[in-house]
Amino acid sequence: MHHLIDRRLNGKNKSAVNRERFLKRFKSQIRDAVARSVKDRSITDIERGEKVSIPVRDINEPTLGHAQGGVWERVFPGNKEYLRGDGIDRPDGGGGGQGNGGSGNGGGGEDEFAFELSRDEFLNFFFEDLELPNLIKRQLRETITFKPQRAGYTSDGTPTNIHVLRSLRSALGRRIALTAEPLRELNEAQEDLDQLLETRDEHDPVVKAAMERIHGLKARLGSIPFIDPFDLKYSNRIRVPLPTTKAVMFCVMDVSGSMDENKKDIAKRFFILLYLFLTRVYEKIEVVFIRHHTQAFEVDEEEFFHARDTGGTVVSSALKLTRQIIEARYPSSDWNIYVAQASDGDNWDSDSPQCREIIANQLLPALQYYAYVEITEGEPQNLWYEYEMIAQTHAQFAMRRIKDPSEIWPVFRDLFSKHPEKAAA
């Protein structure tokens with residue numbers, strides 16, 4: 001048997017092994033603390049971790065001591081009430097506290113144990129058993145796009161891709177390499193000829209031989225072509241798959257008069273969960289906030305949740321604006337597009353069929369996923385029944401109802417569970 005000991009250094013005097021063991025041991029307490037923290041977070045505030053507190057009673061370690069061994073009988077002085085074998089009642093109250101309770105002049109207690117979760121640890125606990133539905137993963141794999149990318153130069157290609165500068169540079173280098181030795185011999189031969197002409201006549205056989213040598217060297221240099229097919233260089237381009245690492249999420253919320261602050265708060269928490277979840281899948285994620293009553297507007301996060309304007313309800317205005325923004329800024333070939341809509345379902349009667357047509361025929365062909373959440377305490381509204389027709393024919397469209405804040409997390413888990421049968425239910 002071999003034992004491997006990890007002795008790698010850890011930054012800031014932290015033991016990664018001990019920390020991992022600690023997180024595993026108190027997994028349930030940490031998961032509960034992480035779930036409670038969502039309400040107070042901004043949608044885009046994921047760059048920090050989370051401070052988690054655990055009651056001291058949950059982290060007490062058992063201790064082992066050395067007993068005396070054997071059977072001992074001891075007589076304690078001052079005992080006038082009990083005989084051997086009598087039971088002793090447990091005292092009322094007493095004991096140390098856990099940091100709670102009122103003031104007093106005695107006793108002691110301990111504060112809860114608090115520590116910081118990193119960003120990655122926080123998100124790992126939050127989404128440890130969730131994923132994008134399998135349908136979405138298949139769609140991502142099948143819609144791989146390619147783009148041309150330069151990959152240096154090649155000796156083969158079409159005339160339209162010839163690189164003139166590179167070709168001339170290659171030709172110049174070849175001529176320099178091939179003419180260096182002949183030029184040296186030519187210069188030496190010319191010097192020898194000049195010396196011979198000083199003492200001999202040009203009809204002398206030795207002088208004629210020198211002149212023939214010079215003529216041969218010049219012919220040799222003249223036979224070197226200015227450019228050779230070997231010198232031609234062509235721009236090389238290859239097709240590389242375009243990574244699907246960019247995503248945009250459209251948060252569409254109804255702010256009509258029937259959407260009170262409680263319903264808006266439920267919508268915000270759902271959007272936070274969806275944003276945090278998508279950041280675990282994509283390297284780059286953008287969020288587009290759209291609020292609507294009778295008209296739709298693209299706003300920032302602060303105005304999305306806290307603006308006071310209100311009015312009637314025309315949901316199709318928000319869907320049309322979503323389509324316009326997608327066409328203008330987020331082509332489906334480059335972006336993975338998600339839409340999350342939160343509404344109480346109350347809509348102008350004649351507008352709901354138009355919403356169904358816009359989503360089914362104009363939005364869904366470009367989307368990876370569409371999640372509709374109806375926030376209502378009563379019966380479903382007219383928009384719900386129109387959307388049910390979409391869900392029956394489009395697998396990437398999901399719809400759920402939320403009645404109170406306690407259902408936010410279960411609904412989200414249902415929409416993005418690792419079990420496909422739940423997501424399709």
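Tyr 330 is buried in this predicted model, with a relative accessible area of 5%. Trp 335 is also buried, at 10%. Across the structure the count comes to twelve aromatic pairs. In one of them, the ring centres of Tyr 330 and Trp 335 lie 5.0 Å apart with their planes at 85 degrees, so this pair is edge-to-face.

A further edge-to-face pair is formed by Tyr 387 and Phe 397, at 5.5 Å centre to centre and 80 degrees between the planes. Tyr 387 belongs to helix H11 and Phe 397 to strand E10, so the pair ties together parts that are ten residues apart in sequence. Both partners are buried: Tyr 387 has a relative accessible area of 0%, and Phe 397 one of 4%.

H10 itself runs over residues 352-363 and reaches 15 Å from its first C-alpha to its last, close to the 16 Å expected.

I turn now to the nonpolar cores. The largest has 39 residues, and Met 253, Phe 270, Phe 271, Phe 304, Phe 412 and Leu 415 have the most contacts inside it. Among the elements giving two or more residues to this core are strand E5, helix H7 and helix H12. H7 gives the most, with eleven residues. A second, separate core of 30 residues includes Phe 250, Ile 290, Leu 321 and Leu 367.

Finally, ring pairs link Phe 270, Phe 271, Phe 277, Phe 289, Phe 304, Trp 409 and Phe 412 into a cluster.

Technical notes: Residues numbered from 1 in each chain as written. Predicted model: local features only at pLDDT ≥ 70, side-chain atom pairs only at ≥ 80, totals over all residues. Heavy atoms only, no water. Core = buried A, V, L, I, M, F, W, Y, C linked by side-chain atoms within 4.5 Å. Buried < 20%, exposed > 50% of the residue type's maximum accessible area, 1.4 Å probe, protein only. Helix = DSSP H or I, 4+ residues; strand = E, 2+ residues; numbered from the N terminus. Expected span 1.5 Å × (residues − 1). Phe/Tyr/Trp six-rings, centres within 6.5 Å; stacked < 30°, edge-to-face > 60°.
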